[in-house]
Amino acid sequence: MPEELRDRPFTTATARSHGFSRQDLTSARFRRLFRGVHVPAEVPVSFALLVRAALLLLPDDALASHLTALRLWGLGVRSVLPLHFSTNTAAQVRRDDIRLHRRRGRLRMAVRDHIGCTGPDRTYVDLATIVTLVELVQAADHLVHRGHTSCEQLRSYLDRCHLDGVVRARRAFAYVRERAESPMETLIRLMLVFARLPEPECNHEILDARERFVARCDLVYRRWRVIVEYDGAWHERSKKQRARDRTRREDLERLGWTVVVVLEDDLRSPKAIVWRVYVALRDKGYDGARPIFNAMWT
């Protein structure tokens, strides 16, 4: 195997220049990643490898963008394919597995995993053209939490930006919180806020009467002493860890806190989650309106 082909994707034309025929490329020695792009069969197929392979089919200025850039920045939303890229050229790509966006405004390149992509702020605005409001808030919460940008930096970018999607991005930014630490935590918080319940604090520390640390909890209603926790990996933990988690929650309850635990299966009935939180708040003295499930919430 020539060095140039040994550990990286290559086009059919490159393979033919090294003496391989189209029939060779269909053998067990090679794996097709995209129409016209192959890789040696022994090379592990990672997300980064797929992106590098797709770039071989695109204009020289193409950058990973939208959902593909977001995944490079550490958050996977929706499926890997199609991969998304942006260009300032007039090039077009007609493929189901690759989307090439022709974008206004100069594309400034950031680098993730040695791959050129749009920066975190530009990625957020581009996403506003293709994802839901909830996914958009999840993306921004992630980018801020991981330190790729900050609320101040993102707000400044949105104020001076005139790109497609910026109006929707500004609307979603109103729901972005610096202390949000996971997409599921963001999802549950928005379930509650869009149902017109009070907004909980994100990742607040609970102390006992002597100001000693007890726990750091996902979503906290301090006024009513209600905690909402997402536990998506409960069944994967060891018995010892599950016992520690149970003890932690019992400690919180002894201090007068009500803990509402949301499991992964509970997400199939999101309205039921909202009602559980509402009942917990009501039992602790909340006298506000019942949840409202309107079109915005849906």
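Two strands are taken to pair if DSSP finds at least two bridges between them, where strands (E, at least two residues) and helices (H or I, at least four residues) are DSSP runs numbered from the N terminus. The structure examined here is a predicted model, in which local features need pLDDT of at least 70, side-chain atom pairs count only at pLDDT 80 or more, and totals for chains, interfaces and linings use all residues. Residues are numbered from 1 along each chain as its sequence is written, and side-chain values use heavy atoms, with hydrogens and water left out.

Strand β11 (residues 226-231) joins β12 in the parallel sense over six bridges, and D231 stands opposite L263 in β12.

Turning to helix α7 (residues 133-145), eleven of its 13 residues are buried, that is, under 20% relative accessible area with a 1.4 Å probe and protein chains only (exposed is over 50%, partly exposed in between). Among the buried residues are L133, L136, D141 and H142. Their cover includes α5 (66-72), α6 (120-127), α8 (151-160), α9 (166-173) and α10 (183-194). After α7 comes G147, with a positive phi near 80 degrees.

Definitions and conventions
Contact = heavy atoms within 4.5 Å.
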